[in-house]
Amino acid sequence: MRILLVEDEKRLSYVVKKGLTEEGYAVDQAFDGAEGFYLAKSETYDLIILDVILPQVNGIKVCLELRKKKIPTPILMLTARTRVEDRVTGLDAGADDYLGKPFAFAELKSRIQALLRRSHKQSQTILTIDDLAVDPLKHVATRAKKVITLTPKEFAILELLLRHKNEVVTRTQIIEHTWDYNFDSLSNVVDVFITTLRRKIDKEVKHKLIHTVHGVGYKISLSK
Ligand code: CA
């Protein structure tokens, strides 16, 4: 599950990202409205968390512009609790829900889950290849109907590969979607995670699904 977080308060943004990452979500951050709008229209997200008061372009405008471009991604707007008009304007602009600041992380989490449930009811989102099935919403992965136990990071990597089925996913892409900015991208940690994923998914099966594309990254597909 991939979330775009558009919030200019860096501290809050990092805290939210950390919490959501621990829940197994892949989180991209934008720190102003222009960057948020750009990412929202060029990448695919399951949900956008959008602050109202942002530098460059405010959240209401971002929301309006995205809806004008027919981008249907659910939007959870962050508003100042005291400003009722912000909430109304936000919903009028096409946001799906709002959350007043300050908020408890637990509340954010349950709002996100509710929105994702609602939007995924409309579109089947079980990702599959061969006999591997991944349900991003329930955080369940199975191969040949047998449940595979994965850590949140392993799950996030597998989900990313599956969302780009038959395409090469670079190490940088994996790092960007799974780790935060403090991460040392020179380390071979991605390869270590891929090794454990392979052990869990591709061991003792006829069709290996995770393939190394030398010098580039990885690919999930039926054949090399
Ligand atoms: Ca703000």
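Domain bounds here come from an automatic or database domain assignment. The model is predicted, so local features need pLDDT of at least 70 and side-chain atom pairs count only at pLDDT 80 or more, while totals for chains, interfaces and linings use all residues. Residues are numbered from 1 along each chain as its sequence is written, and side-chain values use heavy atoms, with hydrogens and water left out.

**Stop 1**

Contact means heavy atoms within 4.5 Å; 15 residues of domain 1 and 13 residues of domain 2 take part in it.

**Stop 2: the cavity**

A cavity is a set of points, on a 1 Å grid over the protein atoms alone, where a 1.4 Å probe fits but cannot get out; lining residues have an atom within 4 Å of a point. Grid points are joined across faces, edges and corners, and a volume is the space filled by probe spheres set on the points. The search of the whole structure finds one cavity of 30 Å³ or more, and the largest cavity holds about 40 Å³ of space.

Select Thr21, Gly24, Tyr25, Ala26, Pro152, Lys153, Ala156, His177 and Thr178 to show its lining. Four of these residues are nonpolar, four are polar and one is charged, where Ala, Val, Leu, Ile, Met, Phe, Trp, Tyr, Cys and Pro count as nonpolar, Asp, Glu, Lys and Arg as charged, and the others, Gly among them, as polar.

Why does the largest cavity lie between domain 1 and domain 2? Both domains give residues to its lining, so it lies between them.

Helices (H or I, at least four residues) and strands (E, at least two) are DSSP runs, numbered from the N terminus. α6 (152-163) and α7 (171-178) each supply at least two lining residues; the largest share, three residues, comes from α6.

**Stop 3: the sheet**

Two strands pair if DSSP finds at least two bridges between them. Now show the open sheet of three strands, which runs β10-β12-β11 with antiparallel pairing. Its edge strands, β10 (168-170) and β11 (210-213), each pair on one side only.

Next, select β12 (residues 217-220), which pairs with β11 over four antiparallel bridges. Within β12, tyrosine 218 is the bridge partner of threonine 212.

Finally, bring back α6: this helix packs on the sheet and touches β10 and β12. α7 also packs on the sheet, touching β10 and β12.

Terms used:
1 Å grid on protein atoms, 1.4 Å probe; cavity = no way out; pocket = protein on both sides within 12 Å on 5 of 7 lines; lining within 4 Å. Axes fitted to C-alpha atoms, helices over the stretch in contact; angles between N-to-C directions.
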